[in-house]
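Please open the model in a viewer and keep the sequence panel beside it.

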Amino acid sequence: MMRDVDLVSYLPPFLAEYKETNITLEAENPEFMLVWKAADRVLKNEFIATADEYGIARFEKLLNLYPKDTDTLEARRMRVQNRWFNALPYTIRVLTAKLVECLGEGYNFSIEADFADSYWMSVIIYSSDDSQVEEVKYLLSMMVPVNILTEIIYESVTSMTDIYCGVFLEQAEIIELRQR
């Protein structure tokens with residue numbers, strides 16, 4: 001919320017006539033612009049979604065996260081949000097929502113689970129980019145109970161194509177007539 005600062009406009013009309021007052025206030029305008037920029041930066045750094053490098057670094061310090069040199073600001077922001085917003089209880093629906101949040105809308109994945117007999121779960125991620133491997137591992141280690149065997153499978157997708165298939169279904173009643 002940047003503002004154009006014009007201190008002269010705040011003067012009453014009888015003081016605006018004096019040249020010395022106008023020049024003094026115009027000289028102070030750049031200082032007030034710096035104050036507004038600093039206040040705007042503080043406001044934006046209060047929220048993870050709008051934080052800049054400095055703000056994300058503060059959140060990472062609170063969460064004991066150490067960014068890699070190759071991480072972008074968006075990757076760091078996503079990692080901080082993933083650690084900051086954890087909701088109990090953990091269900092498959094919550095895990096699916098967190099994976100969508102972690103991987104983004106462009107990723108396709110599926111979750112297969114068998115909790116009745118063997119307590120295992122498989123997360124299959126179909127992608128050509130495996131940049132979020134560590135974050136998915138961390139997410140599963142935090143959300144999935146220890147007694148459930150979890151495996152992550154990355155299926156590499158090199159190209160997408162459309163596949164069309166069709167089905168024809170006919171339903172008929174068979175009436176058998178017999179002579180008596």
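Begin by selecting Lys98 and Glu101, whose side chains meet in a salt bridge at 3.9 Å, N to O; a salt bridge here is a side-chain nitrogen of Lys or Arg within 4 Å of a carboxyl oxygen of Asp or Glu. This is a predicted model, in which local features need pLDDT of at least 70 and side-chain atom pairs count only at pLDDT 80 or more, while totals for chains, interfaces and linings use all residues. Residues are numbered from 1 along each chain as its sequence is written, and side-chain values use heavy atoms, with hydrogens and water left out.

Both Lys98 and Glu101 belong to helix 5, three residues apart, about one turn of the helix. Helices (H or I, at least four residues) and strands (E, at least two) are DSSP runs numbered from the N terminus. An α-helix has 3.6 residues a turn, so residues three or four places apart point the same way. Colour the pair by accessibility: Lys98 is buried, with a relative accessible area of 8%, whereas Glu101 is partly exposed at 40%. Buried means under 20% relative accessible area, exposed over 50%, and partly exposed in between (1.4 Å probe, protein chains only).

Next, select Lys44 and Asp40, which form a salt bridge of 3.7 Å, N to O. Both lie in helix 2 (residues 19–44), four residues apart. Lys44 counts as partly exposed at 41% relative accessibility, and Asp40 as buried at 11%.

Now move to Glu135 and Arg83. Their salt bridge has its closest N and O atoms 2.5 Å apart. This pair links distant parts of the chain, Glu135 being in helix 6 and Arg83 in helix 4, 52 residues apart. Both residues are buried.

Arg79 lies in helix 4 (residues 73–84) and is buried, with a relative accessible area of 16%. Its side chain makes a polar contact with that of Glu135 at 3.3 Å; a polar contact is a pair of N or O atoms within 3.5 Å, and within protein one must be able to donate a hydrogen and the other to accept it, residues adjacent in sequence counting only if both atoms are side-chain atoms. Which residues is Arg79 in contact with, leaving aside its neighbours within four places in sequence? They are Leu65, Pro67, Asp71 and Glu135, contact meaning heavy atoms within 4.5 Å.

From Glu135, display the whole of helix 6 (residues 133–143), whose buried residues are Val133, Glu135, Val136, Leu139, Leu140 and Met143. They cover an arc of only 165° around the axis, which puts them on the same side of helix 6; the arc is that of the directions from the helix axis to the C-beta atoms. The buried residues of helix 6 pack against helix 4, helix 5 (92–103), strand 2 (120–127) and strand 3 (149–156).

Finally, display the entire chain, which has six helices and three strands. From the N terminus on, the elements run α-α-α-α-α-β-β-α-β. Colour by pLDDT, the predictor's confidence in each residue from 0 to 100: the chain averages 82, and 87% of the residues score at least 70.
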